[in-house]
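Please look over the structure shown below before reading on.

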Amino acid sequence: MLAALTVALVGLSFTGGGIWTLILVLSDEAFGLGTEGSGFLNSVYGVGGVVGGLAAGYLASKVRLGPAVIWSIGAGSVVFICLGISPAGVLPFVIMFVVGILDIMVEVNSTTIIQTGTPEELLGRVFGAFDGVLILAMLAGALIVGPLIDLLGPRTTTVVSMLVALGIFLLCLPRLRKLDRVLLG
């Protein structure tokens, strides 16, 4: 079950590796905010992250960790796709705020799942491997997004990259639904 969670998060991390390049180019070319507008979009993402951190524990206590992570990953993917088709104006800021909330909820709750589902003596090795795989996925995404933007444009690159992440998530979904069994014994 933890392997399915890792694979689903690799899909998100791949896209996450290129997110900052995408935000910069979307801000300048698609939303007409200039490059300085990307700073405001990133700030709104950060504020959403603070809200998401506060909401993560509450949601997990009301829903359970497995469904909380599943809904956060799925919703975050769909909401981020909206960034690629969003018109200029206030909507990109709202989308980045919501993406910030959902990303941090995924981070907090998936970390809790790994801590809960791993024997204590293996935690260091498991987190080392887990973080290493996610960082490699982010690196790959960061390297690929530039040429994809040149080839497809920033909007299409945003949508395509998140569709890939969403597809990986959907392939993992049957196993992800069993996460609570691992956590509850």
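A residue counts as exposed when its relative accessible area is over 50%, as buried when the value is under 20%, and as partly exposed in between. The model described here is predicted. With a relative accessible area of 56%, Leu136 is therefore exposed.

**Helix α5 and its surface**

- Helix α5 runs over residues 123-152, and Leu136 lies in it.
- Leu136 belongs to a nonpolar patch on the surface, together with Leu139, Leu143 and Ile144.
- The accessible area of these four residues together is about 400 Å².
- Pro147 is also found in helix α5.
- The relative accessible area of Pro147 is 52%, so Pro147 is exposed.
- From Pro147 to Thr157 the distance is 9.6 Å, C-alpha to C-alpha, and the two are ten residues apart in sequence.

**The largest pocket**

- The largest pocket holds about 490 Å³ of space.
- Its lining consists of 25 residues, and those closest to the centre of the pocket are Leu12, Ser13, Gly16, Asp103 and Glu107.
- Four helices each supply at least two residues of this lining: α1 (2-30), α3 (65-85), α4 (91-117) and α5.
- Helix α1 gives the largest share of the lining, with eight residues.
- By residue type, the lining divides into 14 nonpolar, eight polar and three charged residues.

**Partly exposed residues in other helices**

- Helix α2 covers residues 34-63 and includes Leu59.
- Leu59 has a relative accessibility of 26%, so Leu59 counts as partly exposed.
- Leu59 and Met162 are 103 residues apart in sequence, and their C-alpha atoms are 24 Å apart in space.
- Helix α6 covers residues 154-176 and includes Arg175.
- Arg175 counts as partly exposed because its relative accessibility is 43%.
- Between Arg175 and Gly32 there are 42 Å, taken between C-alpha atoms, and the two residues are 143 residues apart along the chain.

**Points to check in the structure**

- Which residues form the nonpolar patch on the surface? They are Leu136, Leu139, Leu143 and Ile144.
- Which helix supplies the largest share of the lining of the largest pocket? That helix is α1.
- Is Pro147 buried or exposed? Pro147 is exposed, at 52% relative accessible area.

Terms used:
Residues are numbered from 1 along each chain as its sequence is written. This is a predicted model: local features need pLDDT of at least 70, side-chain atom pairs count only at pLDDT 80 or more; totals for chains, interfaces and linings use all residues. Side-chain values use heavy atoms; hydrogens and water are left out. Patches are made of residues with over 30% relative accessible area and no salt bridge: like charges are joined within 9 Å, nonpolar side chains (Val, Leu, Ile, Met, Phe, Trp, Tyr) within 5 Å. Accessible areas come from the Shrake-Rupley method with a 1.4 Å probe; for residues, only the protein chains shown count as cover. A salt bridge is a side-chain nitrogen of Lys or Arg within 4 Å of a carboxyl oxygen of Asp or Glu. Buried means under 20% relative accessible area, exposed over 50%, partly exposed in between (1.4 Å probe, protein chains only). On a 1 Å grid over the protein atoms alone, a cavity is a set of points where a 1.4 Å probe fits but cannot get out, and a pocket is an open set with protein on both sides within 12 Å along at least five of seven lines; lining residues have an atom within 4 Å of a point. Grid points are joined across faces, edges and corners, and a volume is the space filled by probe spheres set on the points. Ala, Val, Leu, Ile, Met, Phe, Trp, Tyr, Cys and Pro count as nonpolar, Asp, Glu, Lys and Arg as charged, and the others, Gly among them, as polar.
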